[in-house]
Structures are given as structure tokens and as C-alpha cells.
Amino acid sequence: MFKLILAVLICVTPALAQKKVCFTIDDLPVVSYSISDSVFQRTLTNDLLNKLSEHQIPAIGFVNEFKLYTNDILNPFQVSLLKQWVDANLGLGNHTFSHLDYNNASLNTYGKEILKGELQTRKLLTARNKPLRYFRHPYLHAGDTKAKSDSLEQFLKAHQYIIAPVTIDNVDYLFALAYHRAYVKKDSVLMSRIGTDYLAYMEKMLHYYETLSVALFGRNIHHTLLLHANLLNAHYIGKLAEVYKHNGYAFISLGEALQDKAYETEITRFGKWGISWIDRWALSQGKGNDFFKGEPVVPDYISEMTK
Ligand SMILES: [Zn+2]
């Protein structure tokens, strides 16, 4: 009997204990903060993709195709950066053509932006016999009323798109802007300090959303982490992967993450907010301020540097 119980435990426990996360990376091809230098952009992309490959992370990148054009003419260099993602066997999704904010646009305008934003991405994926499946809302603004949210959902469904939610939200972009400013000043000491503090912040953010997940679902769901294609992540995504590994995580694709039934949870409350889907589900279930307490904050010097 003991052996039987032991066998059952060995079979079942790892499956139960295994935490899973999908890394999703927005604003492709790169967030360059106006550094147009092609060597900089190529190196950034190489660094990001090499680390993802090293840690066997089946990430997905979300594209703003306006970045592929220079003076309305398609820029082959920018397309080649995007092609690197497809060549690395990673997924690509649509993030609207010009990173449009749905809070400030009608469905008609927004829909046109979605369709305009898929042309080159679809071409690259089709050449590899891969479908274009996922859509990520810029600023995570998905409709501030039920009517606006529903009409966008219908539009996306009609065009065979699946919404790519985020469960682990964060402000990597603030750390990245500070890091970029330190990089421009060639201040390697400050860059290293920002990198270290970024990893500590991201680990706290992970623990925060794990706590919310357990409070809401009684378990740690398959997570979707939001990141951006910037220099900070190009330098630190390997170390960030280590942080997740130390916390017991395996890396999965977006398709696998969305198989978690948690993503079917109904959203019944809407606002202008750009928040985690865990927050949306919690608000829809009537959770108040207390539920969200303890959210990690950004160090003061990062706020100062990014004012
Ligand atoms: Zn974005």
C-alpha cells in the first residue's frame, strides 16, 4: 500500500507542482528609444533571441508594423529583424499597426489599424506555414465599456484572432528607459544597478501575482508575462529566466498557457485601465482594494530618472 501511495505521489506531484509561464514580448521589432543605428538594433535582437534560445523559451513577440516603414517605404532591415524571430521558430502576433490606444479610438479606426498591422507579419509567418493567431492590445486597453469590449472581441473573432491576455503585468518599460539613459551616458555602474534592481522587482512582481492567483483560483495558474523588446531585456532576459526557474517555472507557448481554464473566467467590469487579467477577473468578482494590496513598487531613483 505504501509503495502504491508513493508511486501515485511520484506520478502526480511533479505535474501539480510544475509552475508554467509564457514570455510575451511587445513592441517588435525593437524598442530603440530613437537609436536608429542598425548595429545597435541587430545586436539587441541577437542578444534577446540568443538568450531565449539558450533557455528554450517558446516566446511570442507582438509587432507594431509602423516600425517596418521609413518615410512610408518598407525598410528591409526592419523586416529582417522580424524575420529573425520567425527563423528562431518563435511566434509573432499583432499589436496594431501604430500602437493605437483603444481608449481613444472607435472600433472602426481600431479595426483598420489591426488589419493594416498584420501584412508583413502574416507574410513572414505564412512563408513558414505558420498562422497569425494572436492579438495583444496596446497599453492593455481592451475596451472601457462592455459594448466596446464586446464589439472588439467580435471583430477579432471574425478575423480569426485570439486575444493574448497578460497575467503578470509590470513596468519593465520604466526600468528600460532608465537603463537606456544610463547606456547613453555610458554609465556601466548605473546600468548594472538598474539591472540588479529590475530582477529583484520582477521576482517580487511574480510572487505578488502568484498570491493573487492563489487567492482567486485556489492555485497558481499558467501565467503570461508581459515584457518589451528593449535593451534592458536583451541584456537581462537570461537572468530573468533564471529567476523564474528558481521559482519552479517551466516555459510554455502562449497556446499552452491559454489552455488553462482560468482564461475562460468571465469579465463583467470594464474601465479605461490597462491592468492584468487577474485584476480584471478579481474586479469582476467584486474584489475590493484589500485584495490588491502589497503590489511591489518601483525604486525612487527609477521614478526620478524617468520623469
Ligand atoms: Zn505595446
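**Core and helix packing**

Mentor: Phe23, Leu28, Phe175 and Tyr179 touch the most other members of the largest nonpolar core, which has 69 residues. Such a core is a set of buried Ala, Val, Leu, Ile, Met, Phe, Trp, Tyr and Cys residues joined through C-beta atoms within 7 Å. This is a predicted model, in which local features need pLDDT of at least 70 and side-chain atom pairs count only at pLDDT 80 or more, while totals for chains, interfaces and linings use all residues. Residues are numbered from 1 along each chain as its sequence is written.

Trainee: Which element gives the largest share of this core?

Mentor: Helices are DSSP runs of H or I with at least four residues, and strands are runs of E with at least two, numbered from the N terminus. The largest share of the core is nine residues, and the element that supplies it is α8.

Trainee: Is Tyr198 buried or exposed?

Mentor: Tyr198 lies in helix α8. A residue is buried if 20 or more other C-beta atoms, placed from the backbone, lie within 10 Å of its own, exposed if 12 or fewer, and partly exposed in between. Tyr198 has 27 C-beta neighbours inside 10 Å and therefore counts as buried.

Trainee: Which residues does Tyr198 touch, not counting residues up to four places away in sequence?

Mentor: Two residues are in contact if their C-beta atoms, placed from the backbone, lie within 7 Å. With residues up to four places away in sequence not counted, Tyr198 touches Phe175, Leu232 and Tyr236.

Trainee: How are α7 and α8 oriented to each other?

Mentor: Helix α7 (residues 172-184) and helix α8 (residues 188-217) pack at about 165 degrees, with axes 9 Å apart. Axes are lines fitted to C-alpha atoms, for helices over the stretch in contact, and angles run from 0 to 180 degrees between N-to-C directions. Angles under 35 degrees count as roughly parallel, over 145 as roughly antiparallel, 65 to 115 as roughly perpendicular and the rest as oblique. The two helices α7 and α8 are therefore roughly antiparallel.

Trainee: Which residues of α7 meet α8?

Mentor: On the α8 side, the contact involves Leu190, Met191, Ile194, Gly195, Tyr198 and Tyr201. Their partners in α7 are Phe175, Ala178, Tyr179, Ala182 and Tyr183.

Trainee: Which residues does Phe23 contact, leaving aside neighbours within four places in sequence?

Mentor: Phe23 is one of the core residues that touch the most other members. Leaving aside neighbours within four places in sequence, its contacts are Ile57, Ala59, Leu225, Leu227 and Phe251.
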